[in-house]
Amino acid sequence: MEIRFQTKEESNKQQQEEFLKLSGVDRVYAFWRLMERVNRFPVKNKIDKNKDNFIIELKAKTK
């Protein structure tokens with residue numbers, strides 16, 4: 001494991017350069033791996049209070 005001290009801009013530039021060194025197919029696979037990791041990222045689920053309810057809308061009659 002290597003620890004580097006660098007700015008966010010330096011880190012982003014290095015990641016971009018390493019990504020661009022990959023072949024097109026490897027870039028696609030890297031993207032898919034990233035999407036899989038994002039889907040496993042824990043998130044707080046919002047509770048929909050109206051999930052099991054139905055809404056009745058009454059519209060006023062226009063003359």
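Trainee: Is Arg4 buried, partly exposed or exposed, and what is its relative accessible area?

Mentor: This is a predicted model, in which local features need pLDDT of at least 70, side-chain atom pairs count only at pLDDT 80 or more, and totals for chains, interfaces and linings use all residues. Residues are numbered from 1 along each chain as its sequence is written, and side-chain values use heavy atoms, with hydrogens and water left out. Buried means under 20% relative accessible area, exposed over 50%, and partly exposed in between (1.4 Å probe, protein chains only). Arg4 is therefore partly exposed, at 43%.

Trainee: With which residue does Arg4 form a salt bridge?

Mentor: A salt bridge is a side-chain nitrogen of Lys or Arg within 4 Å of a carboxyl oxygen of Asp or Glu. The closest N and O atoms of the pair are 3.2 Å apart.

Trainee: Which residue meets Lys13 in a salt bridge?

Mentor: The N to O distance is 3.6 Å. Both residues lie in helix H1 (residues 8-20), four residues apart, about one turn of the helix; helices are DSSP runs of H or I, at least four residues, numbered from the N terminus. The partner, partly exposed with a relative accessible area of 41%, is Glu17.

Note on methods: Helices (H or I, at least four residues) and strands (E, at least two) are DSSP runs, numbered from the N terminus.
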